[in-house]
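This briefing covers helix packing in one protein model. Please look at the sequence and structure first.

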Amino acid sequence: MIAGGTLPISSPSTKRYILRLFISLKYVTANVVDIKRGKVAATASSVEKALKEGVVMVNGQRRNNAKAAAAVGEVLAMRLKVDGLAREPIYADVRKEVEKKGFRNQTRVWAIINALRTHGVNLIFKDPQNTSDGIQRWRSSSR
């Protein structure tokens, strides 16, 4: 705690919005979760009819590839802009997401992240460096 009882913005306890990814053999879903309210603030999925027909279906078969993941990221970014959340800090631990999803899904995870960044979403990444004081460090994805 800092004098006056306020926490620094980079403190993990002040995170409000967190990016969560779900990747299966057939589908990709990306959610931005409002942890203070315990609800999903915005979501996009390749299960949705518009995405399924546009990008995911190739020759009548479902494809869960980087192109579909990027489309999910673009739709999520647009929904965040409409809801006024694109400028809010959204925290993402990319290394953890890649570890959980496996190396084979790494390109899908990065396709979503890059689509969000390209469309102006304020992503904050966990710094992979270990610090001596044990405090988690976060860095902005701004270019």
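This is a predicted model: local features need pLDDT of at least 70, side-chain atom pairs count only at pLDDT 80 or more; totals for chains, interfaces and linings use all residues.

Residues are numbered from 1 along each chain as its sequence is written, and side-chain values use heavy atoms, with hydrogens and water left out.

**Helix H4**
- H4 has 13 residues and spans 18 Å from first to last C-alpha, close to the 18 Å expected at 1.5 Å a residue (1.5 Å times one less than the number of residues).
- Buried residues (under 20% relative accessible area, 1.4 Å probe, protein chains only) in H4 are Arg108, Val109, Ala111, Ile112, Ile113, Ala115 and Leu116.
- These buried residues pack against H2, H3 and strands S1 (17-23), S2 (28-34), S6 (90-92) and S7 (123-126), with contact meaning heavy atoms within 4.5 Å.
- Gly120, which follows H4, has a positive phi near 85°.

**H2 with H4**
- The axes of H2 (residues 66-82) and H4 (residues 106-118) come within 7 Å and cross at roughly 30°.
- That angle makes H2 roughly parallel to H4 (under 35 degrees).
- H2 contributes Ala66, Ala69, Ala70, Gly73, Glu74, Leu76, Ala77 and Leu80 to the contact, and H4 contributes Thr107, Arg108, Ala111, Ile112, Ala115 and Leu116.

**H3 with H4**
- H3 (residues 94-101) packs on H4 at about 145°, with the axes 9 Å apart.
- Val94, Glu97, Val98 and Lys101 of H3 meet Gln106, Val109, Trp110 and Ile113 of H4.

How values were computed. Axes are lines fitted to C-alpha atoms, for helices over the stretch in contact, and angles run from 0 to 180 degrees between N-to-C directions. Helices (H or I, at least four residues) and strands (E, at least two) are DSSP runs, numbered from the N terminus. Angles under 35 degrees count as roughly parallel, over 145 as roughly antiparallel, 65 to 115 as roughly perpendicular and the rest as oblique. Buried means under 20% relative accessible area, exposed over 50%, partly exposed in between (1.4 Å probe, protein chains only).
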